[in-house]
Amino acid sequence: MDVLTSTIQSLNDSAMGEDLVHNKMLRALPLTFLVPLLYLFNRCWESGSVPSAWKSSILVPIYKGKGDRSDPASYRPIALTSCIAKLNEKTIKLRFEPLIDNSLIAEQAGFRKGRSTLDNLIQLDHDIKKAFTRKRVVSAVFFDIKKAYDTLDPFAILRQAHKFNVGNNFWKWCRAVLFNRTIKTRVGFICSSASTVSLGAPQGGVLSPLLFNILINDIILANMPSIKFALYADDLALWTEGSSPEACQPKLQGAIDKLSIWLNTKNLVFSIPKTTGMVFSRKIDPRQDCPSINLTLYKQQIHFTRKVNFLGMWLDSKLNWNDHISYLCDALKKRLNFMHAVAGQKWGAIRDGL
């Protein structure tokens, strides 16, 4: 009861699902109403089943701000699910997240307590600078898994969950949540009929990131000591050092081939347009063409560039951070110009209103 009470009080005012139960209503429930709610959660856990209403979502397309408005790819789907279902997931996450976290590989930093994008960036920065001191180069490839949460195989998640010491009830509960899900699409006040979803993890689900971490925890790169890699959820970077970019090519190509085959067993693929290669070296002449090596992914050439955005940071080939500093300066100038426009004494917004 203490876990349920503290979890309810931590709920934010997120949108309600099809059952029209809002988090404000849950926070206002008296203790006498929490007893049957706790009984319901325990019955779902023991029986390995959940109400069908908890597995129903309403998708609302939100325009991304760019692209053709008549193209569905220009919209980002936002899932509205039951607040009671998300509360149930939160209580399960509080209980099992520490146990699962202890079994995750160290290279995975996504959606873990005490970890952030800085862990991966610092590791990559350290390895590049260490190679620079030995007058060597580092060749890296940055991947993005295409529609990772929408296309993953539920059976693969269940097979992988068996390898974690989380008990039978957790496995049965995951099976109940992942299968026989339905979605509806709502545009304005018009809602489509329900469609059954057979792939992917529940969008907006509290446990979806944790289930994804479980799925890819057996990444094949962990058995390749010559290759370093870093994961942040579905963002992956792998790199290796050598005396020249060409010396790195066999190791990287071998890792890419094995990685694409392994990913296929999870019903996942890499996004080729978002896959970028880069060579880090202090010997690069900016007046010459961008250094590259012959690497292929799904029989297509991987594009190499002089700078790449990895986990929100712009990395350049000499790792002097000039590109990221310029990016920050431009962003700050835009904000300062906005502040100047609205904070003038004789123009802009009303002074008392600010």
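This is a predicted model: local features need pLDDT of at least 70, side-chain atom pairs count only at pLDDT 80 or more; totals for chains, interfaces and linings use all residues.
Let's begin with strand E8, residues 235-242. How many bridges join strand E7 to E8? There are 5, and E7, which covers residues 228-232, runs antiparallel to E8. Down at the residue level, Tyr-232 has Asp-235 as its bridge partner in E8. E7 and E8 form a hairpin with 2 residues between the strands, and Ala-233 in that hairpin takes a positive phi near 60°.

Now for another partner of E8. Strand E3, residues 137-144, is joined to E8 by 8 bridges, again in an antiparallel arrangement. Here Asp-144 is bridged to Asp-235 of E8, so please remember Asp-235 from the pairing with Tyr-232 as well.

Is E8 mostly covered or mostly open? Mostly covered: of its 8 residues, 6 are buried.

Let's move over to the helices. Helix H1, residues 2-9, packs against helix H3, residues 31-47, at an angle of about 105°, and their axes are 11 Å apart. Angles of 65 to 115 degrees count as roughly perpendicular, and H1 and H3 are therefore roughly perpendicular to each other. Which residues make the contact? From H1 we have Leu-4, Thr-5 and Ile-8, and from H3 come Leu-34, Leu-37, Leu-38 and Phe-41. By type, that contact has 6 nonpolar residues, 1 polar and no charged ones.

Definitions and conventions. Residues are numbered from 1 along each chain as its sequence is written. Side-chain values use heavy atoms; hydrogens and water are left out. Axes are lines fitted to C-alpha atoms, for helices over the stretch in contact, and angles run from 0 to 180 degrees between N-to-C directions. Helices (H or I, at least four residues) and strands (E, at least two) are DSSP runs, numbered from the N terminus. Angles under 35 degrees count as roughly parallel, over 145 as roughly antiparallel, 65 to 115 as roughly perpendicular and the rest as oblique. Contact means heavy atoms within 4.5 Å. Ala, Val, Leu, Ile, Met, Phe, Trp, Tyr, Cys and Pro count as nonpolar, Asp, Glu, Lys and Arg as charged, and the others, Gly among them, as polar. Buried means under 20% relative accessible area, exposed over 50%, partly exposed in between (1.4 Å probe, protein chains only). Two strands pair if DSSP finds at least two bridges between them.
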